[in-house]
Amino acid sequence: MTKTIPRGHRQFLILLCALLLFGQVFSRPAYADGSKDVEISYTVTEDMLPKASPSPTPSATPHPGKGQPPKTGDESNIMLYGLIASGSLLAGIGLFCYVKNKERTEYTDE
């Protein structure tokens, strides 16, 4: 005689796993913060404009902040999101193992 999980329990487990697994995928990106209104202004002066020369000579400009990643404006903490995602995965695996173990003990108790 085999015993199956009731349909309501099965749907609840599927919903819980879907929320755990996909909850972080569709989160709001950190760069889409619309609450900050930043006003950008700049001034161009005469000495900033390029001078017309008959033969331009290429010159190498030093790389600012050599050895450091460029500043992109994305200040999200990727380690935090990784830990949350892995914790959700471990919780889902633990729940799955718990349910499977509970089914086994119900079969042996009869």
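**Exercise 1. Decide whether Leu90 is buried, partly exposed or exposed.**

Solution. Start with the number: Leu90 has a relative accessible area of 61%. Next, recall the cut-off, which is that exposed means over 50%. Leu90 is therefore exposed. To place this residue in the fold, look at helix 2, where Leu90 is found. Keep in mind that you are working with a predicted model.

**Exercise 2. Find the class of Leu89 and of Leu20.**

Solution. Take Leu89 to begin with; this residue also needs a location, and that is helix 2. Its relative accessible area is 43%. Partly exposed covers the range between the buried limit of 20% and the exposed limit of 50%, so Leu89 is partly exposed. Now turn to Leu20, which sits in helix 1. With a relative accessible area of 26%, Leu20 is partly exposed as well.

**Exercise 3. Work out what Leu20 meets beyond its sequence neighbours.**

Solution. Set aside the residues within four places of Leu20 in sequence; contacts with Ser88, Ala91 and Gly92 then remain. Check one of these by distance: Leu20 and Gly92 are 72 residues apart along the chain, and their C-alpha atoms are separated by 7.1 Å. Leu89 is 69 residues from Leu20 in sequence, with 7.1 Å between the C-alpha atoms. For Leu90 and Leu20, the separation is 70 residues in sequence and 9.7 Å from C-alpha to C-alpha.

**Exercise 4. Locate Leu49 and say which surface patch includes this residue.**

Solution. Helix 1 spans 7-22 and helix 2 spans 78-109; Leu49 is in the loop between them. The relative accessibility of Leu49 is 41%, so this residue counts as partly exposed.

Notes:
Residues numbered from 1 in each chain as written. Predicted model: local features only at pLDDT ≥ 70, side-chain atom pairs only at ≥ 80, totals over all residues. Heavy atoms only, no water. Patch = residues over 30% accessible without salt bridge, like charges linked within 9 Å, V, L, I, M, F, W, Y side chains within 5 Å. Areas by Shrake-Rupley, 256 points an atom, 1.4 Å probe, with all protein chains shown as cover. Salt bridge = Lys/Arg side-chain N within 4 Å of Asp/Glu carboxyl O. Helix = DSSP H or I, 4+ residues; strand = E, 2+ residues; numbered from the N terminus. Buried < 20%, exposed > 50% of the residue type's maximum accessible area, 1.4 Å probe, protein only. Contact = heavy atoms within 4.5 Å.
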